[in-house]
Amino acid sequence: MKKYNSIFKTILFTVFVLTFCHASAQTKSEEAKMNTYVASLMGKMTLEEKIGQLNLVTSGVATTGAVVNKGVEESIKKGDIGGIFGVYGTNYISKAQELAVKNSRLHIPLIFGLDVIHGHKTIFPIPLGMSASWDLGLIEQSARIAAKEATAEGLNWVFSPMVDIARDPRWGRMSEGAGEDPWYGSQVAKALVKGYQGKSMKDADAVMACVKHFALYGGAEAGREYNTVDMSLIKMYQDYLPPYKAAVDAGAGSFMSSFNTINGVPATGNQWLLTDLLRKQWGFKGFVVSDYTALNELTNHGLGDLQTVSALALKAGLDMDMVGEGFLTTLKKSLKEGKVSLADIDLACRRVLEAKYKLGLFDNPYKSINPDREKQDVFTDDNRKFARQIAEHSFVLLKNKAQTLPLQKSGTIALVGPLADNHSEMLGTWVVAGDPAKSVSVLEGIKNVVGNNVNILYARGSNITDDSLLNARSWFYGMQQIKDSRPAQEMIDEAVETAKKADVVVAVVGESANMSGESSSRSDINIPESQRDLLKALAKTGKPLVIVLFNGRPLTLTWEDTHAGAILDVWAPGTEAGNAIADVLFGNYNPSGKITATFPRSVGQIPIYYNHKNTGRPFDGKGPAKFKSDYIDISNDALYPFGYGLSYTTFKYSGIKLNKTALKGNETLKATVTVTNTGKYAGEEVVQLYISDPVASISRSVTELKGFQKITLQPGESKDVTFNITTKELEFYNNRLVYDWEPGEFIVQIGTNSSDTRTASVQWLK
Ligand code: NOJ
């Protein structure tokens, strides 16, 4: 028997090696074919045509800057354009592609890009919300569906995933990423790249991902948009860079440079970043596009005039210039003056052409253009079903006093708040192609789910905001707040009267879609005042108060936490908002999301994140203490810590069982907890693994997330959850930026969130 086993193993191994060798030989020969093709094409190209490939223009469907390109049609014919973005629809795209392929001298196809950030036409929750699902399968599938819909509308490139780590909720773009944790952010980055790019980028339903914003954009000082980033190298490598690197490892085809400076050098002209780190250290093989006019903005950063900064950025490793036409208008002159070399231009041009090759556009420039698919594959019932599912999984139950939720499917509900009967705010930020009118409002969703069994009394209660500045800055592209012109007090009075007639009040409140996202930094992250006033009046009625919270970032909710019976954080849920919210409110789905960014008690605590350092004078959290690292007017703790989220049921964790407490080198530590569902509902729990390294050559974070498992338990059911830990989980960047682990004691923590864990200690020697 043993003999057969070993023969079988040898055969398996041989098959594996042969398959691997075959695959890598295939990749090599593919690469060789691509090199030959691109080299031969470049052999025919004029200097102007090469520079044209580096030029990305927009025709103005979705613009995020002051400048829009003119004369696009003529430029395509001349070969002055490498790609177009901010457009979608096979009608436009096939015409533009035809111009390039039939009317330009060398028939080079264009690449078409768009900000497809959380779905294309079927809109899923904002990325911060999706990340709260801790379901990498669903997250990957969201990107797969988005890619299918986007390609059905002619696109082949998406400006996603946004993988910027962010620890400052004043920054509006926190909504676009996966939160504050580098390890978790890396898992999400990989899942999204895989989802977008599919099995092969050549497939008609696959797009090329564009990882952004490289780099460290989320570290903007004071959370102010486009602001300076200045951070130590250790912090950069340990906490901010991992998700970008994970995206490279997952095979992302392109990167977008960020607007910010990094320790004095703007990312878009930063050779260390774009060449030394991204390409030489990480082995990235794709191309880098600038963010919207980021090349031109190097002038504002103080690096020189357009010609100077264009030459500098090209040499730094930037390949494509978004909108600004700096490359197009200056590189020829710079070549003549010796400020760039032909090799610099060729390198960038080759990278752009290679991307088109990898997408299969030279084989078939119209590969995704199929009007039938545009009709059949977009906004389908299945996609909407999925949108409902992922929205439900993204919601986080922040509070649930005395089981206020789930609601009974009977009795009378007062549904109030400016977001309750509202379609236009359901989708969140960055929905270029999504149609708000096709979203399900909360009022509609509740009717769909409970029909006539529940008596629903509706009152608007307040406007989203009555603050004129916030109002002016929170609605873009001609959209406007749907305002009620009645005096605020009259609306509140009506809502209070309505509340008095009901068994329970459901207040749907929070931020409008564009109070977060690009150019939406806030210094005050409370629920806007008009809605706060409404909540205060509702709380006074003494009726159970459920807050359904819309938000693109963590908000400060200390008042709400004290006064509401329940808070369900629904972010901006997307197309199926109302249905998903109703499913959760009435217990058809038991919430299982956990926040991926810390919720502060006050703006003064920001930046606040769970994996901070200990300091030399740590505060133990007990009572007022002089000369400790704390505040004299507020506790250090978060209101809701990273990884936190409740369920309608309760989970009990056993202590941690270890297979050993002393380990050496490559051994594996198995850490097991038993989790029991001690409540009345079936539920899912995200079991989280953290590790701390109390003694090391540098001061380490107090703890770091290293794994998680999402499990489902029936009432009364128990499951053992085991994490296999190797020295990979112990590694960190030391003072010389070497990624390694150091022997000694490690504390394993497993629990329901970053500040509620069981612990066990091990010694691990080299
Ligand atoms: C600016 C934003 O920073 C970026 O995320 C986006 O992809 C581009 N505009 C293109 O719309």
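**Strand pairing and nonpolar cores in the predicted model**

Tyr-690 stands opposite Gln-749 in strand β26, where strands are DSSP runs of E of at least two residues and helices are runs of H or I of at least four, both numbered from the N terminus. The model is a predicted one, in which local features need pLDDT of at least 70 and side-chain atom pairs count only at pLDDT 80 or more, whereas totals for chains, interfaces and linings use all residues. Residues are numbered from 1 along each chain as its sequence is written, and side-chain values use heavy atoms, with hydrogens and water left out.

Strand β21 (residues 683-692) is joined to β26 by 5 bridges in an antiparallel arrangement; two strands are taken to pair if DSSP finds at least two bridges between them. On β27 (residues 756-765), which also runs antiparallel to β26, 9 bridges are formed with β26, and Gln-763 of β27 is the bridge partner of Glu-745. With 2 residues between them, β26 and β27 form a hairpin. Of the 10 residues of β26 (residues 744-753), 8 are buried, that is, under 20% relative accessible area, with exposed meaning over 50% and partly exposed in between (1.4 Å probe, protein chains only).

An open sheet of 6 strands has the order β11-β16-β15-β14-β12-β13 and mixed pairing. Its edge strands, β11 (396-400) and β13 (455-459), each pair on one side only, and neighbouring strands are turned by 20 degrees against each other on average, direction ignored. Strands β15 (residues 545-550) and β16 (residues 566-569) pair in the parallel sense over 4 bridges, with Ala-566 in β16 as the bridge partner of Val-546. Helix α18 (residues 488-500) lies across β12 (412-416), β13 and β14 (504-510), at about 165 degrees to β13; axes are lines fitted to C-alpha atoms, for helices over the stretch in contact, and angles run from 0 to 180 degrees between N-to-C directions.

The largest nonpolar core holds 159 residues, of which Ile-84, Trp-157, Phe-214, Leu-241 and Phe-255 touch the most other members; such a core is a set of buried Ala, Val, Leu, Ile, Met, Phe, Trp, Tyr and Cys residues joined through side-chain atoms within 4.5 Å. Because domain 1 (380-597) and domain 2 (651-765) both give residues to this core, it lies between them, the bounds coming from an automatic or database domain assignment. Apart from it lies another core of 40 residues, among them Ala-391, Ile-446, Val-449 and Ala-566.

Definitions and conventions: Contact means heavy atoms within 4.5 Å.
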